[in-house]
Amino acid sequence: MPVFRWRLAPDGYATRRQLRALGLRPGGQDVAAQLEHPRRRRGPLVAYLYRVDLAVPVRPMTAARRAALAKANRARRLCPSCRRDAGYVIPTSLGTCVPCADADPHGSEGSTR
């Protein structure tokens, strides 16, 4: 597999994000090349590249997919404690909405003293 230095990839290759910006997706093709950006104390940063000529158009959003995404996002906003829509995605570090997390500083199994 060809390896290129950061920002020195030839034309015809793109990352997943670059493909998406063009309205394309890899379409099952294998990684064609990679970019490496050396770092001092750790291993190099790596970005995988795909061939643009083999990429296929992004599948269009259907009504059923849009409804499924809306339902999944709604579930991420629903607080398990108070069962209300928080209006934002519940942080996984808290597990509940901010008012419920602030109301119970010791957690549900904690002592009240």
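A residue is called buried under 20% relative accessible area, exposed over 50%, and partly exposed in between (1.4 Å probe, protein chains only). This tour visits a predicted model, in which local features need pLDDT of at least 70, side-chain atom pairs count only at pLDDT 80 or more, and totals for chains, interfaces and linings use all residues. Residues are numbered from 1 along each chain as its sequence is written, and side-chain values use heavy atoms, with hydrogens and water left out.

**First stop: two arginines in loops**

Select Arg83, which is found in the loop between α2 and α3; helices (H or I, at least four residues) and strands (E, at least two) are DSSP runs, numbered from the N terminus. Arg83 counts as exposed because its relative accessibility is 55%. Its phi is near 60°, a positive value in a residue other than glycine.

Next, select Arg7, in the loop between β1 and β2. Arg7 is exposed as well, at 75% relative accessibility, and its phi, near 70°, is likewise positive.

**Second stop: the sheet**

Display the open sheet of four strands, whose order is β1-β4-β5-β2, with mixed pairing. β1 (3–5) and β2 (13–14) stand at the edges with a single partner strand each, so one side of each has no neighbour in the sheet. Two strands pair if DSSP finds at least two bridges between them. Strands of a sheet pair through backbone hydrogen bonds, either parallel or antiparallel. Colour β4 and β5 (residues 45–51), which pair in the antiparallel sense over five bridges.

Select Gln34 in strand β4 (residues 33–37). Is Gln34 buried or exposed? Gln34 is buried, because its relative accessible area is 13%. Its bridge partner in β5 is Tyr48. Not counting residues up to four places away in sequence, Gln34 is in contact (heavy atoms within 4.5 Å) with Met1, Pro2, Val3, Phe4, Val46, Ala47, Tyr48 and Leu49.

**Fourth stop: the nonpolar core**

A nonpolar core is a set of buried Ala, Val, Leu, Ile, Met, Phe, Trp, Tyr and Cys residues joined through side-chain atoms within 4.5 Å. Which residues make up the largest nonpolar core? Select Ala14, Leu19, Leu24, Tyr50 and Ala55, five residues in all. Then centre the view on Ala55: leaving aside its neighbours within four places in sequence, Ala55 is in contact with Leu19, Leu24, Arg25, Pro26 and Gln29.

**Last stop: Leu94**

Finish with Leu94, placed in the loop between α2 (63–77) and α3 (98–103). Leu94 counts as partly exposed, at 42% relative accessibility.
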